[in-house]
Amino acid sequence: MKQFKGRVVTPGEVTAEAVVTKEGFNTLASLQMALQFGDKEVKCGDQSNKELYGKSLLGKALCLPQTIGSTTGGLVLYCACSMKKNPACMLFANHIDSLAAAGAVLADVWVDGVTMPVVDSLGEEFLNYVKDGMTVTVKADGTVEVE
Amino acid sequence: MILTKEQQAILDGEKGETLAKVMKTLVMYGDAFEAEKLVPITSKYNHLVTSFGLKVMSPVYDLMQQLLDAGVTSGQKFSVDPRPLDKNVPENLLQNLVFNKFMYTKQSFYEDQLEKLGLMDQNAFTCTCYMDEVGNRPQKGDVLSWAESSAVVYANSVLGARCNRNSGIIDIMGSIVGYVPYFGLLTDEGRKATWVVKVQTTKKPEAQLLGSAIGMKVMEDVPYVIGLDRWIGDELNDSACAYLKDFGAATASNGAVGLYHIANLTPEAVELGESLIAEGAREYIIDDAELERVQNNYPVIWKDPNASPKLCFVGCPHLSLEQLKTWTENIEAELKKNGKKQVTVKTVFTAAPAVLAAFEKTEYAARLKATGVITSYICPLMYMNNPLCKKMPVITSSNKLRTYTSARYYTDAQILKTITGGKDQ
């Protein structure tokens, strides 16, 4: 087990199975088809992301450097949370980007009954260590345990 | 974050619970970037990214309705991204059914909401709101609350306005309270380049390919591009602006670029030169081989990779008037060379309603129509955003459309050859 300390963007505690990308996570490309056509597993639809394409994101600890792509990104995340089709948490190696931050904040302020902890600035070592299928526990103070 | 008395009063709920939640959203958004204050928006108009009445986006329309029910409206009029549907664009019976009965069932409802919130006019649906014909063109130094990645990167880089890569919903919240958090691309420090990109190609690089390469390399950083003025000149004329529009859209969609500087061309690069380059900036050299590597690495997810193209989209982001004219001339010449009268692949050119109206007043409109090309105001991405299109071999010269759909990227030259019946399809 290894611990990493990050910064809390939106608070919460959760334990979930990791899915990992070292490339930027394109929120629109990843989620649009799954949300629109009712994919119960919320499989990643981004053809350009070879690490995540076709993998389920629902209830997973999504480990990523940052999000990229369309500025619908934040509202897509907000919709995913409203529809309870969101990852369990989002764990950023880098400082969070503006689109992911918007999605996390919109969900936190405007969606009742859904918590998606978001922690950023976990560092490059975090992404190098965490692998698909590992168990990730997020603590309220931004500590992330990986085993 | 330090708030003014007026801002604090809104946050404390003195102007109602809904406005307090809007302010809380902006404060938390700013806090994520250690923003110390909110600053006034100074542009005349806003631009929103959400233009589509997708059934699945109901949470967005519910939120908009909360705003309207609370009597909240945008302090600025705004333009918005393109409409998703147009009966001029080819669709089969099944597509028609899926589009109108399943996907975009909220379109009229949402457009009604937009009108109540502050839509500029019924034709203000385009991703290129900054075109002269559309009229939402901010001034240098203006602070914006825009979303739409291709418009934000254009406003920052080509027009010298100041705008972060705001998400949909955050965009309208800014113009509801009239402020945006001060961080990132609003600050002088945030506008410094942390990458130096040296263009060393032997010919003019394809705008959407060069942008893609840079976007994938620098992600959300700011690149300072040296050597591109050799190919597109040192004047922001129609041709250079169209190039930068397409280039920027690719940097923003294939990466997350919100601002680029082009040496000797874009306003801040002309004004401040290499003093815009931050200490320790990394270097990326782009030559012919690098562009070839990038293009060859794009996945082809057509069911049959060797299928003949059935549909072609050009105009993501929307085409300029000059681009429509140039394409008309090029298609006519190529058809003549190939002994054809009309395009051999169904082809749709997309542009802003106001640009199309201006185009219709020129002699080029009838000439383009004679080639068989269809013009439309739609968003090709919204058209292709369904499983039916996944089975269709669609080609495009838009790297943004390639990124979000199953469309295959061709360079402009490859598109021209293919749609005019050239032999190497």
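How many aromatic pairs does a search of the whole structure find over all chains? In this predicted model, the search returns 13 such pairs when every chain is included. One of them brings together B:Tyr29 and B:Phe183, whose ring centres are 5.6 Å apart and whose planes meet at 85°, so the arrangement is edge-to-face. The two partners come from distant parts of the chain, B:Tyr29 being placed in helix α2 (residues 17-31) of chain B and B:Phe183 in the loop between β4 (179-181) and β5 (193-199) of chain B, with 154 residues separating them. Both B:Tyr29 and B:Phe183 are buried.

Another edge-to-face pair is made by B:Phe313 and B:Tyr383, with 5.3 Å from centre to centre and 70° between the planes. Because B:Phe313 belongs to strand β9 (residues 311-319) of chain B and B:Tyr383 to helix α16 (residues 380-384) of chain B, this pair ties together parts that lie 70 residues apart in sequence. The relative accessible area of B:Phe313 is 1%, and the residue is therefore buried; B:Tyr383, at 2% relative accessibility, likewise counts as buried. B:Phe313 and B:Tyr383 also belong to one aromatic cluster, together with B:Phe99 and B:Tyr104.

Strand β9 of chain B also holds B:Pro317, and the peptide bond that joins B:Cys316 to B:Pro317 is cis, with omega at about 5°. Beyond residues up to four places away in sequence, B:Met131 touches B:His318, B:Leu319 and B:Ser320, as well as B:Lys245 and B:Val355. B:Met131 itself is situated in the loop between α5 (107-117) and α6 (149-157) of chain B, where its relative accessible area is 11%, a value under the 20% cut-off, so that the residue counts as buried. From B:Met131 to B:Val197 the separation is 66 residues in sequence and 27 Å in space, taken from C-alpha to C-alpha.

The loop between α5 and α6 of chain B also contains B:Glu148, a residue other than glycine for which phi is positive, near 85°. B:Glu148 has a relative accessibility of 3% and therefore counts as buried. A positive phi, near 55°, is likewise found for B:Met219, again a residue other than glycine, and this residue is located in the loop between α8 (207-218) and β6 (223-226) of chain B. At 18% relative accessibility, B:Met219 is also classed as buried, because the value is under 20%.

For chain A, the secondary structure consists of four helices and ten strands, which follow one another from the N terminus in the order β-β-β-β-α-β-β-α-β-α-β-α-β-β. The radius of gyration of chain A is 13 Å, close to the 15 Å that the globule rule gives for 147 residues, so the chain is as compact as a globular protein of that length. Along the principal axes, the C-alpha atoms of chain A fill a box of roughly 40 × 35 × 25 Å. Of the 147 residues in this chain, 65% count as buried, and, among contacts between residues at least 6 apart in sequence, 80% join residues at least 24 apart.

Methods:
Residues numbered from 1 in each chain as written. Chains lettered and ligands numbered in written order. Predicted model: local features only at pLDDT ≥ 70, side-chain atom pairs only at ≥ 80, totals over all residues. Heavy atoms only, no water. Helix = DSSP H or I, 4+ residues; strand = E, 2+ residues; numbered from the N terminus. Rg over C-alpha atoms; globule rule 2.2 N^0.38 Å. Buried < 20%, exposed > 50% of the residue type's maximum accessible area, 1.4 Å probe, protein only. Contact = heavy atoms within 4.5 Å. Phe/Tyr/Trp six-rings, centres within 6.5 Å; stacked < 30°, edge-to-face > 60°.
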